[in-house]
Amino acid sequence: MATPYAYFKKQIVPLEEAKIGVMTHAFNYGTAVFEGIRGNWNAAEGQMYLFRLKEHFDRLRKSCRIMRIEFPYENEELYSIATKIVEMSGYQEDVYLRPLAYKSSEVLGVRLHDLEDDFLVFIAPFGPYLDIEKGARCCTSSWRRVEDTGIPARAKITGIYANSALAKTEANLNGFDEAIMLDERGHVSEGSGENIFVTRDTVITLAREELGIATVERDIDRTELYTADECFMTGTAAHVTPVVELDRRQIGDATMGPVTRRLSQLYFDIIRGKNPKYVHWCTPCYSRVKA
Ligand SMILES: Cc1ncc(COP(=O)(O)O)c(C=O)c1O
């Protein structure tokens with residue numbers, strides 16, 4: 001049976017022992033930065049592969065710099081913590097690792113300076129986030145994505161997720177699966193939990209290397225999505241999820257399109273360590289695997 005473990009106050013402990021106090025600065029003011037890393041279960045090999053660890057920890061380091069969080073960990077140490085937690089927890093299903101660096105002082109006062117910092121990692125079983133085969137029915141959110149001039153979305157700051165939560169709940173309560181947010185200029189920004197960088201970079205690489213499709217990065221208007229042949233979202237949680245409807249307008253024929261399907265097939269093999277060309281993106285966690 002699987003038992004979740006966490007890295008907390010510089011030790012690996014059972015998850016149930018990893019507790020923070022009510023006055024913790026990050027809890028009160030959203031002054032933490034985090035990552036979400038998927039562990040993808042390969043049943044045939046009896047192995048769990050963590051996907052693109054380096055890129056996730058590199059991004060965490062940048063988020064820490066923006067939020068003035070001291071983060072004295074080398075990548076090798078982080079890989080070791082991550083794989084140990086996975087191995088000790090013993091899940092035989094897809095999991096999600098949540099590294100989180102935070103302002104840990106138990107004091108009142110909004111600021112980033114003169115506070116202690118700490119770092120934790122926990123694990124949770126985590127299946128599909130959206131229905132990938134059926135695709136997502138989306139709406140354009142009435143909430144705008146926060147700008148770099150407000151709270152920088154370049155950093156994965158816990159406090160910024162109030163913005164995502166407002167958008168996601170509005171979408172769900174109105175009967176949609178997901179919200180697509182516009183930026184302040186009215187261009188398409190991202191979903192409440194999908195798009196920027198790690199998975200996006202994976203998909204851009206696969207499109208170029210495997211399908212010979214170049215990616216053009218430019219401003220996109222909302223109505224371009226209405227008239228697109230295919231549309232999909234990417235994200236550590238969402239993987240590659242087709243968007244089949246936006247604002248009650250069908251996109252393409254409202255099913256997963258051929259380019260999305262091809263990319264998705266490549267992606268799902270790769271994250272489970274099944275494609276030798278991209279195995280460098282996958283870190284195995286279990287030392288005793290099936291022969
Ligand atoms: C707001 C937001 N954007 C984008 C993503 C996609 O992130 P990743 O770079 O891990 O694929 C996430 C997380 O999954 C997210 O929460």
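Methionine 23 sits in the loop between β2 (11–14) and α1 (25–29). Helices (H or I, at least four residues) and strands (E, at least two) are DSSP runs, numbered from the N terminus. The model is predicted: local features need pLDDT of at least 70, side-chain atom pairs count only at pLDDT 80 or more, and totals for chains, interfaces and linings use all residues. Residues are numbered from 1 along each chain as its sequence is written, and side-chain values use heavy atoms, with hydrogens and water left out.

Methionine 23 counts as partly exposed because its relative accessibility is 39%. Buried means under 20% relative accessible area, exposed over 50%, and partly exposed in between (1.4 Å probe, protein chains only). On the surface, Val22, Met23 and Leu108 form a nonpolar patch. Together they have about 330 Å² of accessible area.

## Helix α5

Helix α5 covers residues 198–211. Its 14 residues, at 1.5 Å each, should span 20 Å, and its end C-alpha atoms are 19 Å apart, which agrees. The expected span is 1.5 Å times one less than the number of residues. Glycine 212 follows α5, with a positive phi near 65°.

The buried residues of α5 include Val198, Thr202 and Leu206. The buried residues of this helix pack against β5 (47–51), α2 (53–66), β11 (232–235), β12 (239–246) and α7 (258–271).

## Threonine 234

Threonine 234 lies in strand β11. This threonine is buried, at 3% relative accessible area. Leaving aside neighbours within four places in sequence, threonine 234 is in contact (heavy atoms within 4.5 Å) with residues including Thr199, Val203 and His239.

Terms used:
Patches are made of residues with over 30% relative accessible area and no salt bridge: like charges are joined within 9 Å, nonpolar side chains (Val, Leu, Ile, Met, Phe, Trp, Tyr) within 5 Å. Accessible areas come from the Shrake-Rupley method with a 1.4 Å probe; for residues, only the protein chains shown count as cover. A salt bridge is a side-chain nitrogen of Lys or Arg within 4 Å of a carboxyl oxygen of Asp or Glu.
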